Amino acid sequence: MNYKIQGAMRRNRITFIVCAVLWLFLTIVLVAPFSYSVFQANASGKFSFEVFLEQITSNMTNPFGTLGRIFSEGVTHDFFSLLLGFTIFYLVVFFIGFAKSMPKNEFSDIEHGSSDWSQRGEQYEVLSRNKGIILAEDNYLPLDKRGNVNVLVVGRFRFW
């Protein structure tokens, strides 16, 4: 299971940064104006949809001013409760995408035919470092090995 998380982290490094910046952008441009517009529409005690529509457009065109008015007029409770709901929804969608991007098996994204199947020199228990039939860079099949030394070469000749 650890290889799945490591593979997804390696594959999505830039995506994490993009998602964090997108969350910040949506918080400033959408959540803050929405919460302040709801506050303004409820100012008379009853929610007015016309006031909400008028205020949401003006608040979205000036998001930093709206964010300042949220803190100066004491609308922080409404803002943070809406921000919490938005963040939970955003994290659920983010983790669903993260889970979908996990590799299906341990050998995803490993080149077939390379020596990446082994780690820390364990291939040299079977192979040789410096003489024999060339398999890959620094990997040779020794000729003096006991047992089966059959080699299947898959590939093509390149000539022009």
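## Basis of the model

The model is predicted; local features require pLDDT of at least 70 and side-chain atom pairs pLDDT 80 or more, whereas totals for chains, interfaces and linings use all residues. Numbering starts from 1 along each chain as its sequence is written, and side-chain values use heavy atoms, with hydrogens and water left out.

Glutamate 73 lies in the loop between H4 and H5; helices are DSSP runs (H or I, at least four residues) numbered from the N terminus. Leaving aside neighbours within four places in sequence, glutamate 73 is in contact (heavy atoms within 4.5 Å) with Tyr36 and Phe39.

The side chains of glutamate 73 and tyrosine 36 form a polar contact at 2.8 Å. Such a contact is a pair of N or O atoms within 3.5 Å; within protein, one must be able to donate a hydrogen and the other to accept it, and residues adjacent in sequence count only if both atoms are side-chain atoms. The C-alpha atoms of these two residues, 37 residues apart along the chain, are separated by 9.7 Å.

## Packing of H3 and H4

Helix H3 (residues 49-61) packs against helix H4 (residues 63-72) at about 110 degrees, with the axes 5 Å apart. Axes are lines fitted to C-alpha atoms over the stretch in contact, and angles run from 0 to 180 degrees between N-to-C directions. H3 and H4 are therefore roughly perpendicular (65 to 115 degrees). Asn59, Met60 and Thr61 of H3 meet Pro63, Thr66 and Arg69 of H4 in this contact.

How values were computed: Helices (H or I, at least four residues) and strands (E, at least two) are DSSP runs, numbered from the N terminus. Angles under 35 degrees count as roughly parallel, over 145 as roughly antiparallel, 65 to 115 as roughly perpendicular and the rest as oblique.
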